[in-house]
2 protein chains.
Amino acid sequence: MNGAESLVHTLLACGVDTCFANPGTSEMHFVAALDRIPGMRSVLGLFEGVVTGAADGYARMTGRPAACLLHCGPGLANGLANLHNARRARTPLIAIIGDQATYHRPLDAPLTADTEGWARPVSGFVRTATAAAEVGHCAAAAVQAAQTAPGQIASLILPADTAWDEGGVVAAPLPVPPPSLVDPGAVRHAARVLRRGEPAMLLLGGAALLATPLEDAARIAAASGARLIAQQQNARIARGRGRVAIGRVPYPLDQALAAFAGIRHLILVGATLPVSFFAYPGRPNRLAPPDCEIHVLARPEQDGPAALAALADELGAPAAPARAAAPPPAPVRDALTPESAAETILAHLPEDAVVIDEAGSFGRGIFAQSHRAAPHDWLQLTGGAIGDGLPMATGAAIGAPGRRVVSLQADGSAMYTIQALWTQARERLDVTTIVFANRRYAILLGELANVGANPGPRALGMMSLDDPDLDWVKLAGGMGVEAAAAADGAGLADLLAYAATRRGPFLIALSVP
Amino acid sequence: MNGAESLVHTLLACGVDTCFANPGTSEMHFVAALDRIPGMRSVLGLFEGVVTGAADGYARMTGRPAACLLHCGPGLANGLANLHNARRARTPLIAIIGDQATYHRPLDAPLTADTEGWARPVSGFVRTATAAAEVGHCAAAAVQAAQTAPGQIASLILPADTAWDEGGVVAAPLPVPPPSLVDPGAVRHAARVLRRGEPAMLLLGGAALLATPLEDAARIAAASGARLIAQQQNARIARGRGRVAIGRVPYPLDQALAAFAGIRHLILVGATLPVSFFAYPGRPNRLAPPDCEIHVLARPEQDGPAALAALADELGAPAAPARAAAPPPAPVRDALTPESAAETILAHLPEDAVVIDEAGSFGRGIFAQSHRAAPHDWLQLTGGAIGDGLPMATGAAIGAPGRRVVSLQADGSAMYTIQALWTQARERLDVTTIVFANRRYAILLGELANVGANPGPRALGMMSLDDPDLDWVKLAGGMGVEAAAAADGAGLADLLAYAATRRGPFLIALSVP
């Protein structure tokens with residue numbers, strides 16, 4: 001058995017059965033091993049950013065890591081931006097990076113690069129195999145590291161000779177430590193704080209945003225008067241009718257500061273200290289008021305859901321009170337505003353959909369109304385590295401077969417990893433992409449105004465996408481994805497209804513103001 | 001004057017007047033400064049790999065560095081693969097990377113990443129400004145570093161507050177040291193070696209491949225009997241009728257070994273030790289025979305052209321002998337083979353064209369015949385990180401206005417940075433792209449055979465691009481580039497003739513076997 005075969009066998013033994021791949025020469029033995037060993041689903045991406053973003057979306061839906069197969073240092077580099085996002089989402093992920101043979105690396109052939117150096121900033125685990133005999137163990141250790149709470153990226157660098165040499169040994173799965181236990185002292189402390197009756201807020205992140213822990217959070221809120229809020233960017237939120245309608249920390253600084261105004265106690269549950277996304281001249285960058293005390297109920301690597309349940313019990317909180325049913329969203333067939341588009345999209349959201357949110361400025365308000373839609377999961381861009389939406393939708397569809405993925409996508413961001421559409425077509429994935437085509441980097445025009453500048457022709461030239469206009473129907477069609485354009489509410493509604501009746505990917509090019 | 005303004009003024013003072021950009025929020029002050037200060041041409045790319053590859057192509061044609069404007073760590077990461085290629089081409093290039101404000105970075109906001117750590121492996125110079133007052137000096141030092149022979153990447157990281165704070169100081173250009181002098185001892189040594197009459201070869205890289213030094217190399221060859229060869233991958237080669245028709249080290253290992261067989265003395269002129277691109281099980285990875293002596297006439301940072309002239313004089317070599325004119329290429333209108341396509345493309349090559357070579361497996365043989373075409377410059381993918389062709393063509397067209405760029409492009413590689421077409425349309429660049437659409441990663445199928453594997457269905461699934469087929473005419477049209485398809489020699493010839501008559505970009509989707 002060669003090293004590559006031991007790797008495939010070990011991954012399968014550890015429960016990793018999906019591999020998003022963009023292979024190169026140094027990975028040919030791994031590819032050959034996939035041919036010989038059944039059980040691994042291989043999904044080809046035409047660019048590494050597609051591969052890594054898809055693995056992120058897959059793990060967010062399954063809770064299990066996928067493998068990525070990347071080609072040498074530059075192939076890894078192409079995937080780094082979405083690995084950055086995955087790291088911020090605390091996604092378990094195995095990055096397998098082929099590399100020059102151990103004895104070839106010192107010769108500095110053209111493709112040789114600092115693979116380890118590039119991997120380290122996004123990885124919780126980096127290991128370079130040095131011999132075929134250790135590849136299996138390295139793989140088991142990587143899977144263990146990826147799944148260690150709260151989830152992280154494990155990068156396994158595989159020099160070509162460690163893949164092709166004989167002597168591979170299949171390793172058994174290593175035990176995955178459970179999330180750190182809830183600290184009873186932290187629970188009692190939080191309960192004491194809440195009983196004081198001062199203005200308090202729970203800031204939730206990670207698994208605390210799934211349906212059951214949100215119910216426990218609502219019990220706490222009802223019993224104590226504390227407010228609830230989710231982090232600005234979250235891997236996954238349970239959402240829709242019947243679920244707790246938690247808000248998120250807003251992106252615009254003034255709104256973010258307002259969300260925390262007057263709070264005296266901020267209790268972190270799987271979340272980190274809230275800070276502004278960027279700094280602005282002369283403005284605060286910590287969002288909690290200066291006199292707000294920060295308390296930690298559960299660190300990200302602790303069991304946030306269990307901590308919420310324990311705190312609710314400690315408070316003797318009854319079951320969450322019945323919530324008045326919000327009016328369901330209603331399609332708007334005329335004007336196309338951010339608000340009307342949100343109503344129309346949410347009214348057409350299929351039951352149990354998976355929503356991918358890289359909606360940019362036009363679609364920023366959709367989430368706030370999505371508690372009124374059919375139950376769904378909401379997955380966000382988590383690290384601010386745009387170009388995650390289309391790949392994440394691709395991986396989420398593979399991780400959640402039978403559920404429709406609705407991908408809310410800004411046009412500028414879509415262009416970063418547009419190649420993902422091809423994989424959606426190839427794998428016949430049930431993804432409806434809505435491209436909000438405002439033909440500019442609208443968020444930057446806002447930021448330019450924030451810094452006090454009126455854009456002149458050069459600045460506008462660096463933020464406008466309208467010369468030439470991007471034709472999204474042609475772009476999608478070029479990659480085998482059926483698509484159509486809409487420029488008003490009626491057109492949007494009709495295309496959403498059509499998309500819901502068919503299988504496979506569909507793209508709606510929505511011209512927005 | 002704020003830091004950003006001091007940066008723009010300093011770049012202009014240092015002769016850097018072109019900026020390829022994909023800006024984000026942290027770069028808004030730089031963008032605003034571009035508005036206020038005339039003289040900097042800003043070229044927008046819709047993905048950072050386009051931006052860095054274009055800067056590489058620009059510098060290869062002008063000999064001067066362009067600036068790239070990139071957004072934080074992940075924006076840099078997206079541009080790393082083509083920075084890797086630029087590093088291998090020894091291209092002078094200034095990477096300006098916006099980043100979190102100095103006081104915001106410790107808060108670890110979502111977009112925060114290890115910007116310096118990612119920049120270092122591709123950069124000869126990395127500096128993070130810590131205050132507005134030092135930005136100007138940092139910029140001048142970066143330009144100096146980029147231009148220091150043989151050329152390198154200088155990364156200047158610009159925290160947002162160092163851009164927006166007042167107190168910027170414009171710095172004067174710093175002196176650029178000339179290339180290291182020719183070593184007279186190395187010239188005399190090389191002459192002694194050549195006079196022995198043993199089988200000898202000069203391996204040329206860098207500036208030694210421009211027209212005049214190639215003439216001197218030909219004088220040396222004629223006087224001594226030594227053979228000439230260029231590195232496998234080169235930034236720029238002067239090529240076409242009337243010029244010295246130097247060959248390159250072949251990519252396939254057997255051919256590469258054959259190229260050096262029997263050579264007793266290998267003299268390096270701006271080149272490095274020749275090694276195989278990848279290692280293969282049980283095969284050699286150094287290309288020169290074991291008993292071949294290696295001699296260094298000029299290191300890459302030395303003046304290779306001057307060294308060749310000095311060596312030719314030392315040998316008393318007369319002017320290069322008249323070369324018999326090779327028959328010009330002739331279009332082939334029927335079958336479409338690699339050979340016939342090469343003839344057709346080269347027959348239509350406009351005078352003084354710039355050829356970009358990311359032609360992959362189908363187009364690999366075109367170079368070998370290009371000495372018979374009209375005079376041109378030949379620019380290659382230098383670091384093996386595919387996705388360089390379309391961006392490099394974009395930058396080369398901006399760096400060489402008035403010359404037609406002919407971009408020979410493999411289909412799989414084209415998908416990595418397909419966004420470059422939009423910039424070609426926006427800037428009305430005279431680029432003819434020929435996509436060789438064989439609908440597979442053909443090079444990998446060859447490599448899989450090299451490792452002794454017969455591809456089964458899973459392996460084929462990871463190397464085929466035909467489900468669905470990519471529609472290149474739609475993809476180009478989606479980005480505003482006129483395009484047409486051809487599937488035989490006549491169609492190719494007609495489209496090449498048409499492309500030559502028009503201005504602006506044009507894409508030929510060439511279906512090949």
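In chain B, R286(B) sits in the loop between β10 (265-269) and β11 (293-298). Helices (H or I, at least four residues) and strands (E, at least two) are DSSP runs, numbered from the N terminus. Go 19 residues along the chain to P305(B), and the C-alpha atoms of the pair are separated by 26 Å.

A word on ground rules: this is a predicted model, where local features need pLDDT of at least 70 and side-chain atom pairs count only at pLDDT 80 or more, while totals for chains, interfaces and linings use all residues. Residues are numbered from 1 along each chain as its sequence is written, and chains are lettered from A and ligands numbered from 1 in the order in which they are written.

**Another loop in chain B**

- A319(B) belongs to the loop between α11 (304-314) and α12 (338-347) of chain B.
- With 11 other C-beta atoms within 10 Å, A319(B) counts as exposed.
- A319(B) and A222(B) are 97 residues apart in sequence, yet their C-alpha atoms are 9.2 Å apart in space.

**Where the chains meet**

- Chain B puts 77 residues into its contact with chain A, and chain A puts in 77 residues as well; two residues are in contact if their C-beta atoms, placed from the backbone, lie within 7 Å.
- On the chain B side, the largest share is seven residues from helix α4 (residues 72-88) of chain B.

**Domains of chain A**

- Chain A is assigned domain 1 (3-164), domain 2 (184-314) and domain 3 (338-511), with bounds that come from an automatic or database domain assignment.
- The C-alpha centres of domain 2 of chain A and domain 3 of chain A lie 29 Å apart.
- Their contact draws 17 residues from domain 2 of chain A and 18 residues from domain 3 of chain A.
- On the domain 2 side of chain A, the residues touching domain 3 are eight nonpolar, four polar and five charged.

**Helix packing in chain A**

- Helix α12 (residues 338-347) of chain A and helix α20 (residues 489-501) of chain A have axes that come within 10 Å and cross at roughly 20°; axes are lines fitted to C-alpha atoms, for helices over the stretch in contact, and angles run from 0 to 180 degrees between N-to-C directions.
- That makes α12(A) roughly parallel to α20(A), since angles under 35 degrees count as roughly parallel, over 145 as roughly antiparallel, 65 to 115 as roughly perpendicular and the rest as oblique.
- The α12(A)/α20(A) crossing is right-handed; the term applies if the near helix is turned clockwise from the far one by less than a right angle, and left-handed if anticlockwise.
- From α12(A), S340(A), A341(A), T344(A) and I345(A) make the contact, and from α20(A), G489(A), L492(A), A493(A) and L496(A) do.
- This contact of α12(A) with α20(A) has five nonpolar, three polar and no charged residues.
- Helix α8 (residues 184-195) of chain A packs on helix α11 (residues 304-314) of chain A at about 50°, with axes 9 Å apart, so α8(A) and α11(A) are oblique to each other.
- The crossing of α8(A) and α11(A) is right-handed.
- Its contact residues are V187(A), R188(A), A190(A) and A191(A) of α8(A), plus A307(A), A310(A), L311(A) and E314(A) of α11(A).
- The classes in the α8(A)/α11(A) contact are six nonpolar, no polar and two charged.

- Most residues other than glycine have a negative phi, and most peptide bonds are trans.
- R90(A) has a positive phi, near 55°, and lies in the loop between α4 (72-88) and β4 (93-99) of chain A.
- R90(A) is buried, with 22 other C-beta atoms within 10 Å.
- R428(A) also has a positive phi, about 50°, in the loop between α16 (420-426) and β15 (431-437) of chain A.
- R428(A) is exposed, with 11 other C-beta atoms within 10 Å.
- The peptide bond from A149(A) to P150(A) is cis, with omega near 5°, and P150(A) sits in the loop between α6 (132-147) and β6 (153-159) of chain A.
- In chain B, the bond from D467(B) to P468(B) is cis, with omega near 0°, and P468(B) is in the loop between α18 (457-461) and α19 (472-478) of chain B.

Terms used: Nonpolar A, V, L, I, M, F, W, Y, C, P; charged D, E, K, R; others polar. Buried ≥ 20, exposed ≤ 12 C-beta atoms within 10 Å, placed from the backbone.
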